[in-house]
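Please look over the sequence and the model shown below before reading on.

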Amino acid sequence: MDLLFFRNLKNIMLNFDLFCKLDIHQKYLQKKTKTENLFLVGGVVRDLLLDIEKKFKDIDFTMAGLPLDIYEKIDKKNISHFITEKFWTITLIPKDHKIQYELTPFRLENEYSDNRHPEKIQRQNDLILDSNRRDFTINSLYYFSINIKNKISMSPKIEKKQISDMAEIQKSLEKYWFLFYQDQNLLIVQNHNYIQNLFPKWELHLDFLVYLIDVLKEVFVKKQKSKDNIIRILIDPQWSIQDLMDKKIKCVWKADNRFVEDALRTIRALRFISVLNQKLRNKKWDWKNILFDIETNTWNSLKNHVSLVKNIAKERIKDEIKKVFSAWDPFAFISLLDEIKLLEYLFPWLYKTKHVEQPVRYHPFDTYVHTMLSLYELQKINSDYLVRLAILYHDVGKVGQYEAYKIGLDREEIREILSWPLNHRSSWPEIAKKDFSNLWFSKTEIIDIMRYIANHHVPWEILDAKDGNRIKKIRKLYSEVWFQKVNNLFDITMADRLGQYNPMQNNSDITDIEDLRKILKKLKKEEWQFLAKDLKVDWKII
């Protein structure tokens, strides 16, 4: 296949047909804020274009005006609401919706003395300046819609171009910096002068909108003209569409400035790679290799400023880690942390497992590689972030254990090693407790992680038992913790085995582990188990 095929394949992913799904949210916020002049911004616009998300829990808006004035005018009926003191972000949570809206007025930020928080926040009413403060271009798209019925007529009398691939749209944007996509009545504007003239004082200028449509050189269509009366405007002052087409994560403006201002953006860039690529894989396309990467200048700047991450509070980093481990691709995230030399800082004991060789009859790789392969297998079957973090540390105790083996030991001394504290199953929980406490994980989270690792060999021991004793041992385990946690242990055991990748053993055969799972399900069905929520008293009945 030639290079042109791959270019078109890469560019075919953007879906402009989905923007109509945003109109209901725009209309809702316009009604609540009593203004038409607000814009959806950030991840919701990006993910709809990539067609990787259609149901959103968080939607960001922005608009011109003074935050307190905006907040006072909001219709607060049937919503939870609050406003932050420093950044003046307004949060609205409708009581009948499972969604959260965040409204942040246009602003400028400068003087980041601690590599995280701006010392000065300036109010201003300039969308382009607002876009200049954002982290990455792919997060700098603004969406606006308005009902034009009885206001203007949208019927450009020019030749329309059928869309065969996104390369045509990209070429037109690079030439004219704006275009019209008639299927959705969608006007895309990148030219800064046009943006400012289209929204003078941040109210839509209808006459200039008509003018833009009249002077357009090309109108793109895929099927037919939109039949609704909504005009949709996608404002792209940072040329984000081209970066989405090229699958590049690129800093807004100068990368060096972005990472010096906020060093957490280093971690966020790695998270975006993990999240976006996993979402793309979940679409199950035939072209699985067409994924996001970090643009070269952004990547080089990121590596040059990685030391600044040490100025960031660990709880902020923990939030990024939790987001990745909760749903997406922690294997890629940890691999990238290792590449930029942050692994030792964030997960020091995992880093120590590098070059710790294991008996080849069990693991043909060192402990670190085996751990990463196990994580890769686990993330296919289990999305619990605590379970994934547990397998990340399930073998860190082998560092001390194998070091002790290098000394000439007799049988008694080896037996002592296999008991506390050098047995890796026993020493791991305390090691994990220290590392995850440093990352500001809660006591409850750490206790769960420690329990998973302390018990990660229990399923192996059950498998070694005679058939008649397996049910008894699983029942005992089931009585100590609830069903899902036992099931999680079986997932860890399965991933641990698959992560050996050992041609000397049949590690791909997991039927015996599935047999244990069947016994567990049978116990749940026949014997049940009361949880705290099952014991709740209904005072209405009494």
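Begin with isoleucine 83, whose bridge partner in strand E4 is isoleucine 90. This is a predicted model, in which local features need pLDDT of at least 70 and side-chain atom pairs count only at pLDDT 80 or more, while totals for chains, interfaces and linings use all residues. Residues are numbered from 1 along each chain as its sequence is written, and side-chain values use heavy atoms, with hydrogens and water left out.

Strands E3 and E4 pair in the antiparallel sense over 5 bridges, where two strands are said to pair if DSSP finds at least two bridges between them. Helices (H or I, at least four residues) and strands (E, at least two) are DSSP runs, numbered from the N terminus. E3 and E4 form a hairpin with 6 residues between them, and in its turn tryptophan 88 has a positive phi of about 60°. E4 also runs antiparallel to E5, to which 3 bridges join it, and the hairpin between E4 and E5 passes through 5 residues. Here leucine 92 stands opposite tyrosine 101 of E5. Because 4 of the 5 residues of E4 are buried, this strand is largely enclosed by the rest of the structure; buried means under 20% relative accessible area, exposed over 50%, and partly exposed in between (1.4 Å probe, protein chains only).

These strands belong to an open sheet of 11 strands with mixed pairing, in the order E3-E4-E5-E2-E1-E8-E13-E11-E10-E12-E9. Its edge strands are E3 (79–83) and E9 (160–162), each of which pairs on one side only, and the twist averages 25° from one strand to the next. Elsewhere in the sheet, E11 (residues 186–189) and E13 (residues 230–235) pair in the parallel sense over 4 bridges, and leucine 187 has isoleucine 233 in E13 as its bridge partner.

Helices lie against this sheet. Helix H3 (residues 43–50) packs on the sheet and touches E1, E2, E8 and E13, its direction making about 60° with that of E1. Helix H2 lies across several strands, including E1, E2 and E3, and runs at about 75° to E8. Such angles run from 0 to 180 degrees between N-to-C directions, with axes being lines fitted to C-alpha atoms, for helices over the stretch in contact. In H2 (residues 23–33) the buried residues are Asp23, His25, Gln26, Leu29, Gln30, Lys32 and Thr33, and the helix is followed by lysine 34, whose phi is positive, near 60°.

Which residues have the most contacts inside the largest nonpolar core? They are Phe16, Leu234, Ile241, Phe325, Ile334, Phe347 and Phe436, in a core of 120 residues. A nonpolar core is a set of buried Ala, Val, Leu, Ile, Met, Phe, Trp, Tyr and Cys residues joined through side-chain atoms within 4.5 Å. Helix H11 (residues 264–282) gives the largest share of this core, 8 residues. Apart from it lies another core, of 28 residues, among them Leu187, Leu198, Leu204 and Ile213.

Finally, helix H24 (residues 467–480) and helix H26 (residues 511–527) pack at an angle of about 65°, with their axes 10 Å apart. Contact means heavy atoms within 4.5 Å, and on the H24 side this contact is made by Arg470, Ile471, Ile474, Arg475 and Tyr478.
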